[in-house]
Structure formats: C-alpha cells, structure tokens
Amino acid sequence: MNRFGEKRGRRSLPGVLLPLVLFLAVLYLAFLGISSISDTTAQKEMEGLEQTVYREIVHCYASEGYYPSSIEYLKEHYGLSWNEDRYWIDYQPIGSNLMPDVTVVMKQGGTK
C-alpha cells in the first residue's frame, strides 16, 4: 500500500464540465455588459452631436439674424465637424426665420 503515490484516475465528466459551463456563463455575461455599454455610448454620442448641431444653429441665428440654409454653411462658417463615416445628418431648412429640422442617424456601415 503506497499512501503517497500518485493517483492516475480520470476526472469525472461533471467535474470537468461544471467549471467549463461556469466559465462560459461568466464570459457571456461579460460580453453582454460590454455590448450594452457600447450601445449606450453610441446613443449618447448621437445625442451629443444633435445637441451640438442645434447649438450651432441657434448661434448662427443669434449672430446673423437668420437660420443657416444648409449644414455645409455651419461647417464652413462655424467650424462644425463630425465623423461623416459614422453619422449622417439630415438637415431640412424650413425658412430663414424658422428652426430647421435636424436628425442624426448612425450609418449602417459606420464603425461602432
């Protein structure tokens, strides 16, 4: 009888499977958390861009007495810039004395 000898028994299937399943569950939950944070950040970034566009529109109106006729006017005269590969800005002027309608949309092919 060798008390200190090495045992060469096989590990049982539940003994191997349970830690593997727990590891995969933790990995999946971490992925969900990171994905949720990424989506929230992208949403906040879009909202920030929309607020910036409206702020520049109001600044133009206060300075010049009329709303800008295009988004290009804001880019040229007020330095508005954004990642054009990622976001598309729909700018619909209504008139020189009415606030234009602005919508910011994330492009489908834009990098997240």
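Here is a short briefing on the fold, core, surface and salt bridges of this protein. The model is predicted, so local features need pLDDT of at least 70 and side-chain atom pairs count only at pLDDT 80 or more, while totals for chains, interfaces and linings use all residues. Residues are numbered from 1 along each chain as its sequence is written, and side-chain values use heavy atoms, with hydrogens and water left out.

**Overall layout**

- The protein has two helices and two strands; helices (H or I, at least four residues) and strands (E, at least two) are DSSP runs, numbered from the N terminus.
- Read from the N terminus, the order of the elements is α-α-β-β.
- Of the 112 residues, 21% are buried; buried means under 20% relative accessible area, exposed over 50%, and partly exposed in between, with a 1.4 Å probe and protein chains only.
- Among contacts between residues at least 6 apart in sequence, 43% join residues at least 24 apart; a contact means heavy atoms within 4.5 Å.

**The nonpolar core**

- The largest nonpolar core holds 17 residues, and L49, V53, I57, I71, L74, W82 and I89 have the most contacts inside it. Such a core is a set of buried Ala, Val, Leu, Ile, Met, Phe, Trp, Tyr and Cys residues joined through side-chain atoms within 4.5 Å.
- Two or more core residues come from each of α1 (13–64), α2 (71–78), β1 (87–92) and β2 (101–106), with α1 giving the largest share, five residues.
- Leaving aside residues up to four places away in sequence, V53 touches I71, L74, L80, I89 and V102.
- As background, nonpolar side chains tend to be buried together in soluble globular proteins.

**The strand pair and its loop**

- β1 and β2 run antiparallel and are joined by six bridges; two strands pair if DSSP finds at least two bridges between them.
- Q92 has D101 in β2 as its bridge partner.
- L98 sits in the loop between β1 and β2 and is partly exposed, with a relative accessible area of 44%.
- The C-alpha atoms of L98 and Y66 are 8.3 Å apart, although the two residues are separated by 32 residues along the chain.

- L17, L20, V21, F23, L24 and L27 make a nonpolar surface patch of about 570 Å². Patches are made of residues with over 30% relative accessible area and no salt bridge, with like charges joined within 9 Å and nonpolar side chains (Val, Leu, Ile, Met, Phe, Trp, Tyr) within 5 Å.
- F23 belongs to helix α1 and is exposed, at a relative accessible area of 51%.

**Salt bridges**

- The structure holds two salt bridges, each defined as a side-chain nitrogen of Lys or Arg within 4 Å of a carboxyl oxygen of Asp or Glu.
- In the pair E45 and R86, the closest N and O atoms are 3.7 Å apart. E45 lies in helix α1 and R86 in the loop between α2 and β1, so this pair ties together parts that are 41 residues apart in sequence.
- E45 is partly exposed at 37% relative accessible area, whereas R86 counts as buried at 12%.
- K75 pairs with E84, with the closest N and O atoms 2.8 Å apart. K75 is partly exposed at 30% relative accessibility, and E84 is partly exposed at 39%.

Technical notes: Accessible areas come from the Shrake-Rupley method with a 1.4 Å probe; for residues, only the protein chains shown count as cover.
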